[in-house]
Amino acid sequence: MKCRKCGENAVINMRQHKLALCGEHFLEWLPEQVQRFIEKYEMFTRDDKILVAVSGGKDSLGLWDILVRLGYHADGLYIGLGIDGGFDYSDQSHAFAEQFAASRGLKLHVVEIEQTYGATIPELAVISNRGHGKPCSVCGLNKRYIMNRVAHDGGYNVLATGHNLDDEAAVLFQNTLNWAGGYLVRQAPVLLASHPGLARKVKPLCRVYEREMAAYAIVRGIDYVYDECPHAIGSTTIGHKEILNQMEEKRPGAKLQFYLSFLQAKEEGLFSVKASEPELHACDRCGQPTSAPGDCSFCRLWDKVRTVKGMPQRLPAEFNLIPAES
Amino acid sequence: MPVKLVYRGKEHEMNPGSTVRDAVRKIGLQPETVLAVLDGKLITDDTVLREGMQVKLVAVISGGAP
């Protein structure tokens with residue numbers, strides 16, 4: 001198959017776009033697409049300070065690479081979860097994130113959960129007895145909290161994550177199966193900062209196929225952690241991705257159509273935004289926005305865990321971050 | 001000489017002549033979920049597999065939040 005732009009051998013055929021490209025033209029095309037989505041959904045401008053949540057995987061490192069190539073002010077945040085899985089998963093992920101940042105002279109903030117708060121994510125899941133034996137629930141809670149906290153403390157007004165089209169379509173599929181109205185209302189390329197202390201959350205890759213991001217990392221020479229999070233194996237999300245890919249196989253573009261039609265339906269008023277917006281106030285303990293009365297769920301979770309471990313309950317008041325440069 | 005497909009460290013041997021896409025299906029994978037790499041370079045899934053080729057299949061699906 002030949003590149004549509006130059007006739008050289010193609011490295012990727014994107015059936016949903018009826019487009020095959022060589023390595024050089026693919027590396028030009030993908031950032032152009034991301035820039036188009038950033039503008040279309042009014043995610044941010046070159047005046048914003050962006051914090052990119054990086055996991056050491058293809059999507060987040062690819063996103064960081066693209067944003068820097070596009071001329072945005074983007075620093076990284078790596079959260080060490082303390083997951084081993086028999087192959088040092090978190091250590092490997094950390095090493096890829098560090099290597100990426102160091103080789104490009106980029107700033108990477110690192111928060112190691114165990115060193116900062118006193119337990120690894122798997123340990124936290126066991127002690128707190130949340131998530132029915134899976135740490136994904138406490139992992140999500142901790143990541144959301146720390147991402148927002150670091151953005152706030154470090155002077156970043158935008159938090160970018162590497163969620164791709166397959167991630168978004170899988171979540172949409174799950175929420176539609178459950179008619180989870182509250183989640184459907186909140187699923188969007190941009191979540192505006194609705195409260196002081198909350199960063200604007202953006203997903204610049206929301207229309208980019210996971211396959212395209214893997215191809216981008218390979219062609220661009222980005223080393224990333226290839227292994228799956230050991231706790232994600234057999235997850236509902238992966239099962240839903242498989243179903244969606246069966247549909248994609250028969251009808252190229254099915255995943256994209258599913259997601260875009262949802263966004264359009266939302267824009268036309270299918271869901272009521274006001275009905276499910278929780279009222280937020282500052283956590284009595286840490287000051288982060290929360291919908292819970294008194295302490296936020298993060299502080300309550302760690303209170304319980306630190307009590308069980310015989311540690312002082314007081315959590316670190318703030319991260320010692322070097323602020324984003326203006 | 002058979003063609004080798006390598007996926008997550010496991011080798012699958014097959015006869016030459018089929019496309020990458022068909023070969024991927026034959027070993028029970030969805031073509032949408034992998035990329036094919038030959039000699040360190042990506043190849044498209046219409047590439048016909050020839051004798052002695054060793055193709056690495058890279059999984060593209062991840063399950064956790066990034």
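In which sense do strand S1 (residues 3-7) of chain B and S2(B) pair, and over how many bridges? Select the two strands. They pair in the antiparallel sense, over 5 bridges. Keep in mind that this is a predicted model.

**Stop 1: the hairpin**

Stay on S1(B) and S2(B). The hairpin they form has 2 residues between the strands. Pick B:Arg8 there: its phi is positive, near 50 degrees. Now pick B:Val6. Its bridge partner in S2(B) is B:Glu11.

**Stop 2: across to S5(B)**

Keep B:Val6 selected and look toward S5(B). There its bridge partner is B:Lys56. S1(B) and S5(B) pair in the parallel sense, with 4 bridges.

**Stop 3: on to S3(B)**

Next, select strand S5 (residues 54-59) of chain B together with strand S3 (residues 34-38) of chain B. These two run antiparallel and are joined by 5 bridges. For one such bridge, pick B:Leu38. Its partner in S5(B) is B:Val55.

**Stop 4**

Zoom out to see the strands together. Chain B has an open sheet of 5 strands, ordered S2-S1-S5-S3-S4, with mixed pairing. Which strands are at the edges? Select strand S2 (10-14) and strand S4 (41-43) of chain B; each pairs on one side only. Turn the view to follow the twist, which averages 35 degrees from one strand to the next.

**Stop 5: a helix from chain A**

Which helix of chain A packs on this sheet? Select helix H9 (residues 210-220) of chain A. H9 of chain A touches S3, S4 and S5 of chain B. Compare directions: that of the helix makes about 25 degrees with that of S3(B).

**Stop 6: the two domains of chain A**

Colour chain A by domain. Domain 1 covers 41-272 and domain 2 covers 278-317. Their C-alpha centres lie 24 Å apart. Where they meet, 15 residues of domain 1 are in contact with 17 residues of domain 2.

Stay on the domain 1 side. Select helix H4 (113-117), helix H5 (121-128) and helix H6 (136-154) of chain A: these are the elements that give two or more residues to the side touching domain 2. Which of them gives the largest share? H6(A) does, with 5 residues.

Finish by colouring that side of domain 1 by residue class. It divides into 8 nonpolar, 6 polar and 1 charged.

Notes. Residues numbered from 1 in each chain as written. Chains lettered and ligands numbered in written order. Predicted model: local features only at pLDDT ≥ 70, side-chain atom pairs only at ≥ 80, totals over all residues. Domains from an automatic or database assignment. Contact = placed C-beta atoms within 7 Å. Nonpolar A, V, L, I, M, F, W, Y, C, P; charged D, E, K, R; others polar. Pairing = 2+ DSSP bridges. Axes fitted to C-alpha atoms, helices over the stretch in contact; angles between N-to-C directions.
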